[in-house]
Structure formats: structure tokens, C-alpha cells
Amino acid sequence: VIPVDFQGCLHLKTAATLVAPGLALVNPAWVSPAALAPLDTLAIDPTEPMAANALLIGGEVLYPAELPRTRARLEAAGIRVRTVPAGELAKAEGGVTCCSIIVGASGGAT
């Protein structure tokens, strides 16, 4: 376990999430990209501060439809993105990671 300092949000997953093997999407105003080393990082569009909350599932990223600028950055990095409406979740600082349980093929949570 490595502690990571963050500020400006309630949860670390609001500031940074894994979007590909070895690559984290980050809001650098809330968490230092250096704190996530050795991961590479991709910064969100600064006009979309809640945009670092993404969910990597099976080689694809589940992502809020309301964040088109950061979505474009993800796609430019070669990441497959599937958008979902998440505007109501964002009103309570919620995101796609908050409303998900990933269940493996054997039925166990991962």
C-alpha cells in the first residue's frame, strides 16, 4: 500500500483512475501525477474537473457522456471509450466508479 495525497475532492477515484494498463487519467489540480509513479498519466481537460473518474472494463473505458473534451483526449491516446449518461451522479460528486461492481466470469467480485 502506498499512500497518495489528494485535495479538492472526496475520493481518490475522483482525482485519478486507471484507463489502460499502466496509464492513469488524472486531474493534476487534485493529485500530483508524480504520486502515481510508475504509471504514465494523461491529464483531463482542465475545464472538466470531474473528468478523471473513468471505469476500465475489458479493454474499454466506461465514461460520462457529459465530458467530451477529456473523452477526446482518451480517444486520441488510443483508448476505446463507451459513454453513459452520468450528469445526475456528478451533482453529488459521483461517477462511474461509484455505481459499479465488477464481477468476474466465475461470479466473484474483482
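**Close-up views of a predicted model**

**View 1. Strand β1 gives the largest share of the lining of the largest pocket, three residues.** The model is predicted, so that local features need pLDDT of at least 70 and side-chain atom pairs count only at pLDDT 80 or more, while totals for chains, interfaces and linings use all residues. Residues are numbered from 1 along each chain as its sequence is written, and side-chain values use heavy atoms, without hydrogens and water. About 200 Å³ of space lies in this pocket, a pocket being an open set of points on a 1 Å grid over the protein atoms alone where a 1.4 Å probe fits, with protein on both sides within 12 Å along at least five of seven lines, and lining residues having an atom within 4 Å of a point. Of its 13 lining residues, V4, L12, A35, L36 and L39 are the closest to the centre.

**View 2. Strands β4, β5 and β6 form an open sheet in the order β4-β5-β6, with mixed pairing.** Strands are DSSP runs of E with at least two residues, helices runs of H or I with at least four, and two strands pair if DSSP finds at least two bridges between them. Three bridges join the antiparallel strands β4 and β5, where I57 has E60 as its bridge partner.

**View 3. Strand β5 (residues 60–64), helix α2 (residues 68–76) and strand β6 make a right-handed β-α-β unit.** Right-handed means that, with the strands pointing away from the viewer, the path from the first strand over the helix to the second runs clockwise. Strands β5 and β6 (residues 81–84) pair in the parallel sense over four bridges, and V61 stands opposite V81.

Key
Grid points are joined across faces, edges and corners, and a volume is the space filled by probe spheres set on the points.
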